[in-house]
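Q: Hi! Could we walk through this structure together?
A: Happy to, let's bring it up.

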Amino acid sequence: MAHVHIPALLRAATAGREWVEAPGATVGEVVAALEVLCPELQGRLVCDGRLVRGMAIAVDGEISAMGLLEPVDGETEVQFITAISGG
Amino acid sequence: MSTPSYNVIGTRPPRHDGADKVTGRAIYAADFQMNGLLHGAMVRSTHAHAILKRVDTTKAAAFPGVVAVVTADDFPQTPDRIVDLGEGETPVSHLRGNVLAKGKVLYQGHAIAAVAATSLQAAEQAAKLIEVEYEPLPCVLTAVEAMADGAPLLHGGDTNVTAHVHHAMGDSDAAFAGAAVLIEREFTTATVHQGYIEPHAATVLWNNDGRVNVWCSTQGSFVVRDVVSCLLDLPVSQVRVTPTEIGGGFGGKIPVYLEPVAALLSKKSGRPVKLVMSRRDVFEGSGPTPGSMMRVKIGADADGKFIAAQAFLAYEAGAYAGGMVGAGAMCVFAAYDIANQTIDGYDVLVNKPSTAAYRAPGAPNAAFATESVVDEIARELKMDPLELRLRNASREGTRRADGPKFRRVGCVEVIEAMQAHPHYSAPLGEPSHAEAKRGRGVAIGYWFNIGLPSSCVISVNADGTANLIEGSTDIGGTRTSIAMQAAEVMGIPVDQIQPTVVDTDTIGYTGVTGGSRTTYATGWAAHDAAQDVIRQMKLRAAKLWQTEAVDFADGVFRAGERAMTFAELAGKMSETGGPVVGQASVNPRGAGGSFAGVIVDVEVDTGTGKTTVLRFTAVQDAGRAIHPSYVEGQMQGGSVQGIGWALNEEYWMNPEGRMMNASLLDYRMPTILDVPMIDTQIVEVPNPAHPFGVRGVGEANIVSPPAGIANAIRDAIGVRLYHLPMNPPAVAAAIGGQK
């Protein structure tokens with residue numbers, strides 16, 4: 001089960017929980033499982049198969065280049081963070 | 001961890017582009033010439049907020065020498081959609097609307113129309129003949145004003161707030177109850193421009209075969225390609241972008257302004273068209289960094305351990321959504337291990353140019369607030385300010401409020417280096433006159449750095465040299481820092497590798513030169529391409545020697561007693577299978593953020609309020625410094641820009657939203673006369689994710705200088721300033737208020 005960090009603005013959908021465990025071999029599968037566990041998250045993290053606008057995925061503290069296809073395992077921390085660029 | 005032994009990494013070879021640049025032979029975008037070239041001129045809004053009732057180009061089109069005139073109506077009116085073309089996810093309508101306004105202008109300087117003529121003079125005169133009828137609307141110029149009830153709305157709806165970011169960890173409200181020291185302060189910062197010396201410039205030829213060729217000054221040729229193809233509704237393959245040399249960018253040359261307009265003019269005229277911004281155009285029509293309002297509250301226990309923190313950040317987005325508050329909210333407390341945090345950030349539309357990234361975008365504002373409050377806590381606790389920071393410093397495993405834990409980072413090592421630096425224990429010296437007071441300040445800051453895709457191709461020559469091509473615009477000597485990584489792998493001197501930045505047809509997709517990513521990511525691609533070369537060369541040696549086991553080290557291939565240098569084997573490429581071309585594309589994760597800090601001594605003239613920076617030391621974790629001189633150059637450049645933020649730079653806007661200081665005479669950037677020699681100390685905490693341990697170094701260095709100078713001024717005069725810039729009138733007023 002991946003450990004998913006729920007962005008603070010979405011914690012109403014998880015009864016205030018900051019972390020939720022969800023199964024899956026990729027971030028995309030984890031999100032799909034998360035949406036079953038917490039239906040109010042549907043469309044809030046992923047919409048039409050894509051991350052919602054302005055969001056990026058961090059896996060174990062590092063921003064993932066693979067996004068929803070990033071592999072995860074039982075010890076993986078998944079975070080949904082603000083997409084950043086830089087100057 | 002033992003330090004690897006390198007032959008090239010860590011040395012200071014001359015830069016490959018040095019000769020062209022010091023002899024004036026380097027070609028910048030405004031230098032570009034072609035047969036039949038037309039010159040363009042833009043018409044820009046004289047109002048900060050107005051409905052465009054009428055744009056009449058009739059007289060301009062009839063002006064002698066004019067060949068084409070365009071407005072927003074000339075763009076293909078494709079359906080709106082969200083795209084991510086390198087500037088973050090944005091509606092196409094916003095990209096298009098920022099390039100040429102349609103229906104409404106949202107800031108003074110907003111482009112409305114453009115003219116192409118046989119001479120620049122004709123184009124400029126014709127542009128003045130374009131009649132624009134405005135219906136002025138009330139404008140709003142700061143985030144606070146724009147968030148107020150009843151504020152003028154830029155894009156309709158019911159608010160100018162385009163995004164709210166919220167991070168929460170623990171229970172900060174409850175934890176504050178246990179604080180021995182609790183400091184809460186409000187800060188503001190002015191709108192500041194990146195201030196690159198070279199204005200935006202582009203030449204475009206819409207060829208008869210339908211191909212669009214662009215030559216321009218950009219931090220991201222592929223971004224330009226993708227934006228031009230998107231706005232002109234062309235296949236990406238029909239657009240080729242050649243980046244010229246670039247005279248600075250700092251994030252401000254990631255957005256695309258001129259290229260789609262020049263393309264429209266070229267299409268209409270059938271000739272190449274060049275557009276060059278004036279300095280006024282740059283200030284009024286290209287992205288500055290956001291002005292901001294911030295409230296920061298930090299509580300510490302009696303031992304100086306931070307137990308809770310809260311931040312409210314309201315950043316100006318400018319005319320379109322997509323400002324820098326997201327990164328600011330992620331950076332505001334990133335330097336510290338604080339269990340209880342609440343952070344709210346707001347991206348707010350105002351009638352100013354759409355903000356663009358500027359070196360660690362969003363972080364210097366936030367650090368100004370946080371590091372000022374940390375300084376006050378140190379004073380309350382009568383604790384050494386670096387000791388306080390060290391006690392709370394982020395380290396491997398520290399969790400940020402936005403969720404991720406830090407991997408290996410160098411915050412502690414940076415603070416320890418600051419403590420040990422001779423500057424920190426040196427006497428301040430006596431003030432230069434009776435009204436002068438001296439003070440010392442410190443501050444630290446963080447920037448993430450990013451990855452993004454990069455591509456590299458290395459062709460081996462028969463004489464043992466190699467040509468390396470890449471797609472990263474060279475800013476700060478990246479040609480050489482990238483080539484050095486290839487040279488290290490290939491075991492040859494870096495002057496045996498000729499690096500060239502090529503056009504978008506010639507190299508695989510490469511992200512922007514920004515986010516402190518180029519030496520990290522394109523350097524990684526060069527490393528991998530060089531490994532590909534060595535892999536192929538080993539096969540050639542194996543073929544020559546009729547063996548399967550070939551080793552390679554220090555530039556020599558070996559199999560048993562047989563040995564051959566890289567150059568000797570390169571001379572046998574033809575008979576062993578033909579050219580050797582190594583290539584690699586990467587999209588790495590693990591950029592490895594960088595911490596940096598400053599120690600600043602100032603002297604304040606209490607009569608005039610003028611602050612003089614006497615001594616300035618910048619310390620930064622570079623991971624591994626590929627070319628230490630370039631790392632030092634980045635540290636010095638970021639420091640000088642930070643001094644500008646701190647002491648002088650700001651957009652002076654009148655109530656109607658007109659910038660009153662749109663020239664480098666009136667917009668006061670630091671010059672060589674305003675800054676001391678910036679001393680640098682590179683800290684090396686290798687990034688475990690990179691083959692050579694590289695962390696990007698281009699941005700973290702601007703984060704802490706404004707706060708460091710604010711803390712030094714407070715130390716000198718006993719009064720804290722809460723607004724940037726802390727120019728002489730502001731300092732004098734603060735001193736006056738204290739008397």
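Q: How do α15(B) and helix α16 (residues 518-545) of chain B pack?
A: Their axes are 8 Å apart, at an angle of about 30°. Axes here are lines fitted to C-alpha atoms, for helices over the stretch in contact, and angles run from 0 to 180 degrees between N-to-C directions. Helices (H or I, at least four residues) and strands (E, at least two) are DSSP runs, numbered from the N terminus.

Q: Which residues of α15(B) and α16(B) make the contact?
A: From α15(B), they include B:S481, B:I482, B:Q485 and B:V489, and from α16(B), B:T522, B:A526, B:A530 and B:V533 are among them. Two residues are in contact if their C-beta atoms, placed from the backbone, lie within 7 Å.

Q: And what classes do those residues fall into?
A: Ten are nonpolar, nine polar and none charged. Ala, Val, Leu, Ile, Met, Phe, Trp, Tyr, Cys and Pro count as nonpolar, Asp, Glu, Lys and Arg as charged, and the others, Gly among them, as polar.

Q: Before we go on, what kind of model is this, and how is it labelled?
A: This is a predicted model: local features need pLDDT of at least 70, side-chain atom pairs count only at pLDDT 80 or more, and totals for chains, interfaces and linings use all residues. Residues are numbered from 1 along each chain as its sequence is written, while chains are lettered from A and ligands numbered from 1 in the order in which they are written.

Q: Thanks. What unit does α15(B) make with β20(B) and β21(B)?
A: A right-handed β-α-β unit, with helix α15 spanning residues 478-490. Right-handed means that, with the strands pointing away from the viewer, the path from the first strand over the helix to the second runs clockwise.

Q: How many bridges join β20(B) to β21(B)?
A: Five, and the two strands run parallel. B:A466 has B:I497 as its bridge partner, and B:N467 has B:Q498. Strands count as paired if DSSP finds at least two bridges between them.

Q: What about β19(B) and β20(B), parallel or antiparallel?
A: Antiparallel, over five bridges, with B:V460 opposite B:A466. β19(B) and β20(B) form a hairpin with five residues between them, and B:G464 in the turn has a positive phi of about 90°.

Q: New topic: why is α8(B) largely enclosed by the rest of the structure?
A: Because nine of the eleven residues of α8(B) (residues 259-269) are buried. Among them are B:V261, B:L264 and B:L265. B:G270 follows α8(B) and has a positive phi, near 75°.

Q: Last one, how many residues of chain B are in contact with chain A?
A: 36 residues of chain B are in contact with 19 residues of chain A. β9 (161-169) and α10 (325-331) of chain B each supply at least two residues of the side of chain B that touches chain A. The largest share, five residues, comes from β9(B).

Note on methods: Buried ≥ 20, exposed ≤ 12 C-beta atoms within 10 Å, placed from the backbone.
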